Amino acid sequence: MKESPSLENLDQEFWNSKYENNSTGWDLGMVSPPIKEYIDQLENKDLKILIPGAGNAYEAKYLIENGFTDVTVIDIAPRLIQNLKEEFKGNSAIQLIHGDFFEHKGKYDLIIEQTFFCAIHPTLRPKYVEKMKSLLSKNGKLCGLLFNRAFVGGPPFEGNKKEYMELMHGHLKTSTMEGCYNSHPARKGTELWINIGKL
């Protein structure tokens with residue numbers, strides 16, 4: 001049985017090696033369909049947007065291609081950020097940060113969740129909620145996808161709607177947390193769409 005790495009082992013070196021060795025089985029190779037559909041209905045191209053733990057940043061690329069002007073990506077893997085910096089060299093619409101999400105500061109109108117929550121150690125989930133609360137602007141939204149399924153070991157780490165609702169309760173306002181009707185075929189029936197704001 002696959003064992004979960006400890007909290008201490010989920011560090012920069014762990015994630016960097018995943019990208020250097022192309023050991024990224026969670027990577028869809030494209031913008032996630034539910035997030036694409038959500039982006040397509042956004043009218044304000046000047047929203048201040050954050051994508052934490054963005055991986056290969058397909059969602060960020062899609063935002064830039066569609067005229068969004070203020071996108072920030074933060075990831076702990078230096079190799080990944082270096083690759084993105086080369087790809088987006090000279091593009092002022094995107095900021096690429098190699099760093100720890102939990103140490104990041106700022107205020108955002110939209111934070112996009114796409115396989116970041118399931119990548120952090122479960123013991124950090126309450127800290128995730130508090131950090132999201134601090135990063136969202138007054139009317140900001142945390143939108144995207146959470147897995148609603150079990151995994152053997154991790155990452156990705158398992159979770160379900162009941163657990164997430166209890167986690168958010170009293171800290172963030174959950175407007176939507178429902179099964180996705182438009183998931184990628186590889187994730188059909190295993191994703192929840194979330195739309196979460198400040199209390």
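**The sheet and its neighbours**

Tutor: In this predicted model, 7 strands make an open sheet with mixed pairing, in the order E3-E2-E1-E4-E5-E7-E6. Strands (E, at least two residues) and helices (H or I, at least four) are DSSP runs, numbered from the N terminus. Two strands pair if DSSP finds at least two bridges between them. Strand E3 (94-98) and strand E6 (172-179) stand at the edges with a single partner strand each, so one side of each has no neighbour in the sheet. From one strand to the next, the twist averages 15°. Angles run from 0 to 180 degrees between N-to-C directions, and axes are lines fitted to C-alpha atoms, for helices over the stretch in contact.

Now look at one pair. Strand E5 (residues 136-147) and strand E7 (residues 191-198) are antiparallel, paired over 7 bridges. Lys 141 has Gly 197 in E7 as its bridge partner.

Next come the helices on the sheet. Helix H4 (residues 78-87) packs on the sheet and touches strand E2 (71-75) and E3. Contact here means heavy atoms within 4.5 Å. The direction of H4 makes about 155° with that of E3. Helix H5 (residues 125-135) lies across strand E1 (49-52), strand E4 (108-114), E5, E6 and E7. H5 runs at about 140° to E5.

Two residues are worth a stop. Asn 83 lies in helix H4. Asn 83 is partly exposed, with a relative accessible area of 37%. The C-alpha atoms of Asn 83 and Asn 56 are separated by 8.9 Å, while the two residues are 27 apart along the chain. Thr 190 sits in the loop between E6 and E7. Thr 190 is buried, at a relative accessible area of 17%. The cut-offs are these: buried is under 20% relative accessible area, exposed is over 50%, and partly exposed is in between (1.4 Å probe, protein chains only). Leaving out residues up to four places away in sequence, Thr 190 touches Leu 146, Phe 147, Asn 148 and Arg 149.

A word on how to read this. Residues are numbered from 1 along each chain as its sequence is written. Local features need pLDDT of at least 70, side-chain atom pairs count only at pLDDT 80 or more, totals for chains, interfaces and linings use all residues, and side-chain values use heavy atoms, with hydrogens and water left out.
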